[in-house]
Amino acid sequence: MQQLAPDYIYTPQGLQANMVVSISDEGYIVSVTRRDALSEEQAQQSIDALTGVALLPGFVNVHSHVFQRTLRGHTHRPLSQKDTFWTWRNAMYAAAQQLTPDQLYETALSTYREMLAAGYTSVGEFHYVHHQPGGQPYEHPNAMSEAILRAGQDAGIHVVLLMTAYAQAGFNRPPEEAQRRFCDSSVEAFLARVEALRSTGALVGIAPHSVRAVPELWFQAITDYCRLHHLPLHVHADEQRAEIEQCKAAYGCTPIEFLARCGTLGPMTTIVHATHANEQELALLAQFGCTVCVCPTTEGDLGDGIAPYAELVAAHIPLAIGSDSNTRLDPLEELRWAEYSARMRYQRRRVLIADEMGAPGPLLLDYGTSRGAAALGLQAGVIAPGMLADFVAIDLRHPMLAGWSEQDLLDVLFFGASPAVIEQVWVQGRKVVYRKSH
């Protein structure tokens, strides 16, 4: 058994001093105990003192398209007279066409290592580059998926592979040439590939890409499969106003209303973005207990808009964060810009708070850790017995945290620091990042 004794541990009860966390050989938290209350057996075992450190839960990246990391910084030259998400998408398709399983493995390995160094200990990989260019399956149909899983294992990060269903270019439109390698011939063929991965013990969920890319019958079959096997279901929705108008023209309703019609909404459902969700759609998400994953750096990069944060908080809809296109890999930045963009939308401060007189820090940490873990079906995101031993160690003596107090440490972290303050990262009890020692 491993035992860690930092200066502080952030538990569900808040920031606590003089605590010891005990970790099983399998990488799960056995106990979180005051040092003066350790059992005789625990006290006799070695304890690793982490001086000058606060131990927080590891951050959870709920939404990643790992191959898009290669695009960072390269899509800001003019692509058309008026660039939008839709013109950026063409550049993304071109990058996707170049991928091989080996290239995807190398990109994923380096990107996941970057995520770990930034404090992410888990990632939901929304994976849709499945087949060869032109759409022909590989000899091993899950070659691309297996490359991602192998990269995650070699990097040391938890990967929940969100297998993405893709069938059409838009409502009732066949796939474009650049999309063919995303598409399966039928929902049965798609679910057979999912089942082949699930049967190996891989952590999987299902991600019907969007209401425009997946027809109604596919949604129904995927929803049934997820419910049967208790799998997370993630879907892009309401990211673009054009998508909403197209959905109304095709189905007579908005995207989230369409998902409710298909029976897709539920506690294991995560809506990615929900940037332009209206009052009726938010009421549906609250009714069915769905999560919303916001991706502020990507939503800003693509010009998508700002999510209705105040309405999401008021409706008690849980939020999680994702790095999406992976232009930036920094959970502190994602959470900071969730609050900052909300302030700009509503022209007031302290939008993402648990109560009227609260500070943002505790709720932001909740969004970045436990809410994200729940969205991926992981037993993580909280430092408590029975949970995965996924931690980040914050260097309390770093200049970026100067002047912190027990009351405002999280606010100082989220609004004044970068991942440079993270000196150690553990995943399932194993140290995977170690920057320095005191």
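## Terms and basis of the model

A residue is called buried when its relative accessible area is under 20%, exposed when that area is over 50%, and partly exposed in between, using a 1.4 Å probe and protein chains only. By this scale T51 is partly exposed, because its relative accessibility is 45%.

The structure is a predicted model, in which local features need pLDDT of at least 70 and side-chain atom pairs count only at pLDDT 80 or more, whereas totals for chains, interfaces and linings use all residues. Residues are numbered from 1 along each chain as its sequence is written, and side-chain values use heavy atoms, with hydrogens and water left out.

## Overall fold

The protein chain contains 15 helices and 16 strands; these are DSSP runs numbered from the N terminus, with helices (H or I) of at least four residues and strands (E) of at least two. Its radius of gyration is 22 Å, close to the 22 Å that the globule rule gives for 438 residues, so the chain is as compact as a globular protein of that length. The radius is taken over C-alpha atoms, and the rule is 2.2 Å times the number of residues to the power 0.38. The C-alpha trace spans about 65 × 50 × 45 Å along its principal axes.

Of the 438 residues in the chain, 60% are buried.

## Domains

The domain assignment, which is automatic or from a database, gives domain 1 (2–58 + 382–434) and domain 2 (59–376). To the contact between them, domain 1 contributes 25 residues and domain 2 contributes 26 residues. The C-alpha centres of domain 1 and domain 2 are 30 Å apart.

## Selected residues and elements

T51 belongs to strand β5 (residues 48–57). Its C-alpha atom is separated by 53 Å from that of W218, which lies 167 residues away along the chain.

T111 is located in helix α3 (residues 101–118). In contrast to the partly exposed T51, T111 is buried, with a relative accessible area of 0%. Residues up to four places away in sequence aside, T111 touches V66, R69 and L329.

Helix α15 (residues 409–416) is largely enclosed by the rest of the structure, because 6 of its 8 residues are buried. The buried residues of α15 are L409, L410, D411, V412, L413 and F414.

Note on methods: Contact = heavy atoms within 4.5 Å.
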